[in-house]
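Here is a quick walk through some helix packing. Have the structure open while you read.

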Amino acid sequence: MQSALTVEGVCVDYGASRVLRQINLTVKKSEFVALLGASGCGKTTLLRAIAGFVPVAQGRIGVEGRDITHAPPEARGNAMVFQSYALWPHMTVARNIGYGLKLRGWAKARIAARVVELLALLRLDGLGDRLPAQLSGGQRQRVALGRALAVEPPLLLLDEPMSNLDARVRETLRHELRALQRQLGITAIHVTHDREEAMTLADRILLLRDGVIAQEGPPEALWSRPASAYVADFLGATNELAVQAGGGAVRGGAGGAVAVALPDGPARLLFRPQEATVLPVGEAPPPGLVFEGVARQVTYPGGGFRVAIETSGRQVLADSAWSPAEGSAVRLLVPPAAAHVFAATQT
Amino acid sequence: MSAWRWLPRILLLVLFAGFIFGPVANLLLWSVAESWYWPNRLPSQYGFRYWERVFRPEGQAMESLGLSIWIAALATLACMAVAIPAAWALARARLPMRGLILLLFLLPQAFPNMPVYINIARVFFSLGLNGTVLGVVLVHAAHGLVYAVWIAAAAFAAVEDDAVLAARNMGAGALTAFRTVTLPLAAPGIAASAIFVFLESLDEFTASFFVGAPDVRTLPLLLYSAAAGGNMQVAAITALILLVPSIVFMAVVQRFLRADVLAGVGK
């Protein structure tokens, strides 16, 4: 099947500095792709290059087999939901949503019918005559989405559409957006710096770092097999311990080994607090890397305990079903699947 | 105790009020004074005889007012026709040397008015524009350009980039996006700048005097000759008439102009 979007070797410059380097991306029809990354990684720039707002220095962008690398924004057919929503304050909700249809030469009655249909779809019934200033943040966001969906774009571009909303509204909208995308079969590219948002929404995630793709794949693949320490850290593996690789494995300070495909030498072990366990000293450990440590602080965030453990001069966090006494000796277990090991030379 | 705190404020307010309303009160008094001779503090006889004379069909005041409004309207049109594209280019297209160009528009204001207008009058005389409505309109439009460009540029700059990009993204060409999004959003600021140009033209004196007089008699010129001729009553009434559009438009500007547009002037 023809792909909805192809990005081939795209480079973008801002003045003298190159902010995107050799980006390749293919999006299938009805696929939901998230561009994830820290601020300044180039994810929004890539989206704006696809929309035609920033010029491409090198490479090619195609939509449904049509080359749009140098086409003006209005000739690209994609629709964008802006981070600031960018609703037109002088137009009513209905006129905002109907704008693209009017430009496409639709008759008034047909536009009105389509607007009503979209208002119902987005649970904005009866708000067509309001001005954007009279709506709540969540409602504005849905109007912006309605405006983009109205033209049935081959490609929907979402630029951090939920970053201006409070946590609860965001949660609801996230699920609504996913349901809507499935229901309508929309092809979408979603820019976000929120890992959870990217994981819940996307079929595939592109993690960008300093203008290059750090890793690409389905959410589960990025989660369980991060390609670099940077990706692991970005996906929540914020604990780090220094280990030694030798003979195709790394060993825990107090026993246990995990096979790795690394040359002998110093290595970095990264793991997530919620995937590690705290064991009492003396208990026979299950498979995994074991480290001796001292419980420094115990907190109860709900559901279980979170223990700050000091081990080999570093402090790490681990979840625990039981509460060790502060200052007591404990063992930290990192199960094989939770241990992400990288060569110390890699950044 | 509290009286001591309030007293200076009240005195200050009265002083300000005196500065603002004192001259207007004096004008009002003169306009209804049928006879007022030195050393009397107040007129000895009141009446509306001079009002009647000014508003008589054969009186020149109404004709001058009409002419002034006509010139102001034309000057505003001419000025905005240049100012809107110029302001848009300055605010939205990333022009090199933007600051320099903005300064250039300000430059005519930096020189003393007199020599500038005397020179304009000389040039206009050789072009046959002296003493014509067109000549006065042109010189008023040039004079208003600085306000128009600066205020309109601030209005255009206050339009969010994303709002315009959203229109392009939805399928609008550059011109359609300008017509449906940029212009309506900048309209309040542009209207305000047009009103400033109109008011500036309405009570502009120096340029009208050198370029227009004596053939084109705008209201300020009539006021001048009335006052110079010692007819304080006619001068006062003319001045009061000139006050009306100013007050009306100022009220309109207040409603129209958002504080953030004004704050962006010159940015």
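## Helices 2 and 3 of chain A

In chain A, helix 2 uses A:Val93, A:Ala94, A:Ile97, A:Gly98, A:Leu101 and A:Lys102 to meet A:Ile111, A:Arg114, A:Val115, A:Leu118 and A:Leu119 of helix 3. Contact here means heavy atoms within 4.5 Å. Sorted by class, that contact has eight nonpolar, one polar and two charged residues. Ala, Val, Leu, Ile, Met, Phe, Trp, Tyr, Cys and Pro count as nonpolar, Asp, Glu, Lys and Arg as charged, and the others, Gly among them, as polar.

Helix 2 of chain A covers residues 93-103 and helix 3 of chain A residues 108-121; they pack at about 125° with axes 9 Å apart. Axes are lines fitted to C-alpha atoms, for helices over the stretch in contact, and angles run from 0 to 180 degrees between N-to-C directions. Helices (H or I, at least four residues) are DSSP runs, numbered from the N terminus.

## How the model was read

This is a predicted model: local features need pLDDT of at least 70, side-chain atom pairs count only at pLDDT 80 or more, and totals for chains, interfaces and linings use all residues. Residues are numbered from 1 along each chain as its sequence is written, chains are lettered from A and ligands numbered from 1 in the order written, and side-chain values use heavy atoms, leaving out hydrogens and water.

## Helix 10 of chain B

Over in chain B, helix 10 (residues 219-228) has B:Leu219, B:Pro220, B:Leu221, B:Leu222 and B:Ala226 buried, meaning under 20% relative accessible area with a 1.4 Å probe, protein chains only. Just after helix 10 of chain B comes B:Gly230, with a positive phi of about 85°.

## Helices 4 and 6 of chain B

B:Leu102, B:Phe105, B:Leu106 and B:Gln109 of helix 4 meet a set in helix 6 of chain B that includes B:His143, B:Tyr147 and B:Trp150.

Definitions and conventions: Helix = DSSP H or I, 4+ residues; strand = E, 2+ residues; numbered from the N terminus. Buried < 20%, exposed > 50% of the residue type's maximum accessible area, 1.4 Å probe, protein only.
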